[in-house]
Amino acid sequence: MSYFNGEASHWLAASPADDVDPAPLPREKQDLVIVGGGLTGLWSAYYARQAHPDWEITIIEARHIGYGASGRNGGWLSTLLPGNRTKFAEAVDRARKNDPTGPVGSAGLDGVASVSAFQSALFDSVDEVLDVCEAEGIDAHQVRGGHIDIAQTEAGLARLRDLESGNEQFGYGPEDMQSLDAEATRARINVDGALGSLYFPGTAAIDPALLTRGLGHVLREQGVTICEATSARHIRKNSVATDRGPVRADTIFVCLEGYSDTVGGDLPGLQGRQVIPVFSSTIATEPLPDEAWASIGWEGRECLGDTAHTFIYAQRTADGRIALGGRGAPYAFRSGLPGDGEVPAEVVDLLAGRLSSLFPDLDFEVAHAWRGALGVTRDWCAGVFFDSSQRIGVARGYAGHGVTATHLAAKTLLDRASGASTPLTGLPWNDHFSGQWEPEPIRWLGIRSMYKIFGIADSWETAIGAKKTSLLAQFGSRLAGLHE
């Protein structure tokens, strides 16, 4: 089997950018400097320009815009919240108890209501991203087909029921999700052995490279300076030191996600071992023939997920491929980074096997394999921070749910920087402390063991026809901090 391996992603390779543009570093002090040319940084620049047409704004990017997770993800502009909802709710309730007159307490929302407000803001963000694409003429192959989580085991079906109940508790209404039986599920996507599913109409599929490059083009047209091939080395109040010299700024946003350890400085939300890079790998097939799609269905281009512990995420691309991702080799010792994204052969085989388990009669060839780094905190909860004394803001820890959350984080960072109290500054991911990861080699052993446990649990549940989640998987989930 011959396929492209690495090259950042299929999305980036399929729509190559213009030449990388280092752009001259600005000599005058900037109103806003953004470190990181992914979606958080791009959206921050976009909304800063809308609110402040006169601002001098510069983005610093080590490679090219969209090089990291923003150009390598599965293309789900989804309603999924970036974190453990129970942990967010518990943190809000603790804060209200400890300081009833503080910002969280004075908002009058308990933990569950606060997380529900967070969920509502994410629903709005999906709408707003699509609206911006339409208004700015960005063609990211976006289509709002929703997403569907499919169960192929009885235990998975039980987890779907738990998910439905949890979603109802944390802000989903009847218009936001629909339970489908086996027949209705296979009518949408003919997954082998599908027992049922949950369908979420709000999600849209996109090409993430086209989205990042479209935003980059809009920003350049609006006068935002984008300095690609420029590495930030150290950040402090009013200054970003780069490999090409310093850039001065009134306000600095750090939007590096899984690459946060590449810069130094006393940065809010990044002190110590708060964020690590966890890898997710993806394959894209060659375009499938019409007769294959006639058998599979998938006419709505729904984003496809499942209820396995070693879960997958997939989409039908605009040019008739299947792009399917999962964890595989999840972590490199001492928080190593994925480089240009080459995937170990055994992980490609694993993902190809998973695709075959969904559609066993499908004859396909892998065209491209790649991997990227998610920013993951110890409790898997994202956070938005702003140090008003340094005027430095940080957003990090989306844990794979960042395509929508980056948009909301950018707007939240700008509200925090303005000093205003808004509905966004009251959301529970503001200043959420996730704890610190264990030191090596405990961290490496723990993460590897967690994914091994989940793989064994999936095999065990399938082999015995388990009716509910295995005790082993429950242990792994609690160990990892994923259990709600």
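Reply: Start with tryptophan 429. Leaving aside neighbours within four places in sequence, tryptophan 429 is in contact (heavy atoms within 4.5 Å) with Pro82, Phe88, Phe118, Ala382, Gly383, Val384, Tyr398, Ala405, Leu408, Ala409 and Thr412. This is a predicted model, where local features need pLDDT of at least 70, side-chain atom pairs count only at pLDDT 80 or more, and totals for chains, interfaces and linings use all residues. Residues are numbered from 1 along each chain as its sequence is written, and side-chain values use heavy atoms, with hydrogens and water left out.

Now the wider setting. The largest nonpolar core has 56 residues. Such a core is a set of buried Ala, Val, Leu, Ile, Met, Phe, Trp, Tyr and Cys residues joined through side-chain atoms within 4.5 Å; buried means under 20% relative accessible area (1.4 Å probe, protein chains only). Trp43, Phe253 and Trp429 have the most contacts inside this core. Among the elements giving it two or more residues are helix 3 (85-98), helix 5 (111-136), strand 18 (383-387) and helix 11 (402-418). Helices (H or I, at least four residues) and strands (E, at least two) are DSSP runs, numbered from the N terminus. Helix 5 gives the most, with nine residues. In soluble globular proteins, nonpolar side chains tend to be buried together.

Methods
Buried means under 20% relative accessible area, exposed over 50%, partly exposed in between (1.4 Å probe, protein chains only).
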